[in-house]
Amino acid sequence: MEKNEENSYDVAVIGAGCMGSACARHLAECYKGMKVCLIGPDEPTLPRSQSGRSVFAAYYDQGRITRRLDTDPVWSRIADRSISRYPYLQESTGIQYYSEVGSIIIGPKQDIIWGKIEKCAKDLQINYNRLNNKDLKSRFPYLHLADDYIGFYEANSAGYISPRGQVKAEIKAAMDNGCQLIRDIVYQVQRSQDGKFIITTESNRVISSQKIVVATGAFTLFKDIIPTDIRKKLAITCGTQTVVKLQVSEEELKDYTGMPCILHRNSSQQNGDWYLLPPILYPNGKYYIKIGHSKDFIREINTYEHVLEWFHGTGDIEAKNTLVDIINHFLPHFKPVSIESDCCAYTLTPHNHVMIGNIAEGMVLLTGGNGHAAKSADELGRIGALTIMNESWNYDISSEEFKLCLNSS
Ligand SMILES: Cc1cc2nc3c(=O)[nH]c(=O)nc-3n(C[C@H](O)[C@H](O)[C@H](O)COP(=O)(O)OP(=O)(O)OC[C@H]3O[C@@H](n4cnc5c(N)ncnc54)[C@H](O)[C@@H]3O)c2cc1C
């Protein structure tokens, strides 16, 4: 192995995506004088299938829903803390990534979900408006809704973020505070005799670090970073996600002014859970409405070849067709200029929370977004930073909620 470059750090964060970039920022900002580096590749400039890349991220997009209303109090609290810091991060970096367009959960009023959301909102004192069927139809005239539908609407502290923009802002803030950004892919981590980690990258850089945070998302199981015996037992899987982007014409844009992000919930119906983002401007200068699915179309893929192949494609055709049917039903007047699908994969855990904890001495795992982590990445990154810097758990939500889960065999 060739040693092209040697650097020594106190903490190396591996994975410059949503959580890793936030973790690096909190480390650099809160522990001045400490040598921190963030290692990970940028978004490929070529299409993923032609990029020759061995890893990809779940944040290559312009829109991720952000909201505090949830059925799960842990996700709700973590989102609340992250959202409250968006203004600071935007102001300190000059990078605008948050659009406070609001968010609404809609569905039949008899669904079991409402009681859970109400309880969570009450416990965490989240303000929202409960809209009855009449309010719903008059406020969102473009939506075709059944007469038994109601909605829980968060007008403030909710909307969407550009995950690309947020990652950019976290990285800028980290670098402004002295963090070194290393654009490379780690393929191996070993221990030296004096207990330091020796990190080797795909371009033969050799980096040493006292401590490591592993925030490598969907590719966590596929490189030699976490000790093999633990990696083989780690109970994380990779879940597929297909999204459909529908281009909105200039003429139709005005019809959707003020449209919030929409989450549809119907526990008793197949494909009853889906989400929709309002028209968002993409880098090609065009506006798209984006729709994605929840659990019904998520497939678990667990080999490196399958994950790579999935990232090279454009998603599941059945999911695409179903999502287009949903759009046709719920936005009956919408005449998309074009329809295209895209795909992505994210990490799933048994407890539906991020796993944060010591996976080996001096090595913290920070992964398992379960499709919820973009909006909450700033606080999750902060918990990762606290965990690597403290001997014991130092956070006001129990470590049980974020525990590392291992398969028994
Ligand atoms: C289609 C889709 C829709 C979603 N919608 C929402 C939403 O509406 N709201 C929400 O909050 N969340 C949403 N999510 C989830 C959110 O995007 C993810 O939870 C989040 O990106 C996970 O962050 P992460 O840091 O774990 O992983 P990522 O953001 O994927 O970052 C992992 C990083 O690690 C890097 N990496 C991997 N291996 C290595 C290696 N060996 N060396 C160096 N770097 C490496 C990758 O290149 C990547 O940059 C959605 C996800 C998808 C796919």
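Student: Which domains does the domain assignment of the chain give?

Tutor: Keep in mind that this is a predicted model, where local features need pLDDT of at least 70, side-chain atom pairs count only at pLDDT 80 or more, and totals for chains, interfaces and linings use all residues. Residues are numbered from 1 along each chain as its sequence is written. The bounds come from an automatic or database domain assignment. That assignment gives domain 1 (6-60 + 164-234 + 351-402) and domain 2 (103-155 + 237-348).

Student: How many residues does the contact take from domain 1 and from domain 2?

Tutor: The centres of the two domains, taken over C-alpha atoms, are separated by 30 Å. Residues are in contact if their C-beta atoms, placed from the backbone, lie within 7 Å. By that rule, the contact takes 13 residues from domain 1 and eleven residues from domain 2.

Student: Why does the ligand lie between domain 1 and domain 2?

Tutor: Look at who supplies its shell. Both domain 1 and domain 2 give residues to the shell around the ligand, so the ligand lies between them.

Student: Which element gives the most to the shell around the ligand?

Tutor: Helices (H or I, at least four residues) and strands (E, at least two) are DSSP runs, numbered from the N terminus. Among the elements that each supply at least two residues of the shell are α1 (18-30), β13 (237-248) and α10 (373-389). The one that gives the most, with four residues, is α10.

Student: Which residues come nearest to the ligand?

Tutor: A residue counts as near if its C-beta atom, placed from the backbone, lies within 6 Å of the molecule. There are 39 residues around the ligand, and the nearest are Gly15, Gly17, Gly217, Cys344 and Gly369.

Student: What is the strand order in the open sheet of three strands?

Tutor: Two strands pair if DSSP finds at least two bridges between them. With antiparallel pairing, the order is β3-β8-β4.

How values were computed
Two residues are in contact if their C-beta atoms, placed from the backbone, lie within 7 Å.
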